[in-house]
Amino acid sequence: MKVGIVGLGTMGTTHAASYQRIADCELVAVADIQLERCKTVAERYGVRSYASLGEMLASETLDVVDVCLPTHLHREHVEMAAAAGKHVFCEKPLARNRQEGEAMVEACRKAGVTLGIGHVVRFFPEYRRAKEIIESGQLGKVGTVYTYRGGGGFPMAWQDWYANYQWSGGLTLDMIIHDFDFLRWTLGEVKRVYAKSTFGRAYNRLEHVLVSLRFESGAIANVEGSWLDIGGFGTKFEFACEKGLLTYNSKDATSFRSYQQRTGLESVQGVAVPESVVDKDPYTQELEHFVGCLKRGEEPLISGDGALGAVDIAMAALESIKTGNPVTLSSERG
Ligand SMILES: NC(=O)c1ccc[n+]([C@@H]2O[C@H](COP(=O)([O-])OP(=O)(O)OC[C@H]3O[C@@H](n4cnc5c(N)ncnc54)[C@H](O)[C@@H]3O)[C@@H](O)[C@H]2O)c1
């Protein structure tokens, strides 16, 4: 499998490193409009560099295009790769809204190529284990759930795109969509969404969000996310069930911590990415899984259709934040 990556920021460079550890799969080219950055990564891995996906597609014979661009650029590039007959791995969130996401899924379906989405939390062992325990029924019915994701200060990236709501969808679409996807995977469909956030305040870098989800199963989840917490990136969950409690806090594993407040554009490099103690990190595992599915002709664990479900929850939360009203999902989906 020959792979080309477009977008070499935090995620593109993470994926480039991951491909080096996947057997029967070769990173052959990278593309980024920041040419210096692109050349540095290309030299590190001995691959060719291009200024755009168009140039890369014109000169390379690829099996897979990996799209690691800011969210508002996903649709254009996924559609371009699909039209060229390439399988596509695209970072989460799938798209800026359902309409864009559906168009991407349809473009890949029409072209007969496979689309996989980077909801990497499904590859974090603690989260996988929690799903297994919940599904085994040993703790009984799930009553309430709490999840948290945040820290590291406000992410700084290309053209400060995380601060551009039209491009990133803010914290709700960009970050806690990981928890929406994980919870939907574990607990099933969401019926109703109610959310509050600091979004809309003049200084949008201090965004903090709390989203309540009511599942069709009757379970309720409170999903909290924050750009404000500067105490290092961390995630938590707690499932309160009929017969017991399941809890996780990523920071429990580290007894020594040092945090530095990040201020100003110049002092910050990229977005905080969760770490994992496992030997093969979850980013490598998700890409290995995707490449393996292509070889075996199987549907990947997180298809475009699956990722649309998480986009729906995020869009409902954004609507609730705007209107102050709960949003019912199931009837809209039919
Ligand atoms: N799965 C995760 O844990 C995780 C973590 C962080 C980000 N993400 C997602 O990954 C995606 C990328 O985020 P990031 O933090 O790496 O962004 P980034 O800003 O660090 O990198 C984006 C790169 O794209 C390049 N670029 C912009 N327009 C281009 C174009 N037209 N052609 C070629 N290159 C172009 C920029 O020069 C930049 O190098 C986003 O969708 C984000 O939501 C996922």
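1. Asp24 counts as exposed because it has 9 C-beta neighbours inside 10 Å. Helices here are DSSP runs of H or I with at least four residues, strands are runs of E with at least two, and both are numbered from the N terminus.

2. A word on the model before going on. It is a predicted one, where local features need pLDDT of at least 70 and side-chain atom pairs count only at pLDDT 80 or more, while totals for chains, interfaces and linings use all residues. Residue numbers start from 1 along each chain as its sequence is written.

3. Gln159 is exposed, with 9 other C-beta atoms within 10 Å, and lies in the loop between β7 (142-150) and α7 (165-168).

4. Please check the peptide bond between Lys92 and Pro93 too: it is cis, with omega about -15°. Pro93 belongs to the loop between β5 (87-91) and α5 (98-111).

5. Now to helix α2 (residues 35-45), whose buried residues are Cys38, Val41 and Ala42. They cover an arc of only 100° around the axis, so they are on the same side of α2; the arc is that of the directions from the helix axis to the C-beta atoms. Their cover includes α1 (10-19), β2 (26-31) and β3 (48-50), with contact taken as C-beta atoms, placed from the backbone, within 7 Å. The face turned away from the buried side carries the exposed residues Glu36 and Glu43. Just after α2, Gly46 has a positive phi of about 65°.

6. Finally, the ligand. It is surrounded by 29 residues, the closest being Gly7, Gly9, Glu91, Ala157 and Trp158; a residue is near a molecule if its C-beta atom, placed from the backbone, lies within 6 Å of it. The shell divides into 15 nonpolar, 9 polar and 5 charged residues. (Nonpolar covers Ala, Val, Leu, Ile, Met, Phe, Trp, Tyr, Cys and Pro; charged covers Asp, Glu, Lys and Arg; the others, Gly among them, are polar.) With 3 residues, α1 gives the most to this shell.

Notes:
A residue is buried if 20 or more other C-beta atoms lie within 10 Å of its own, exposed if 12 or fewer, and partly exposed in between; C-beta atoms are placed from the backbone. Two residues are in contact if their C-beta atoms, placed from the backbone, lie within 7 Å.
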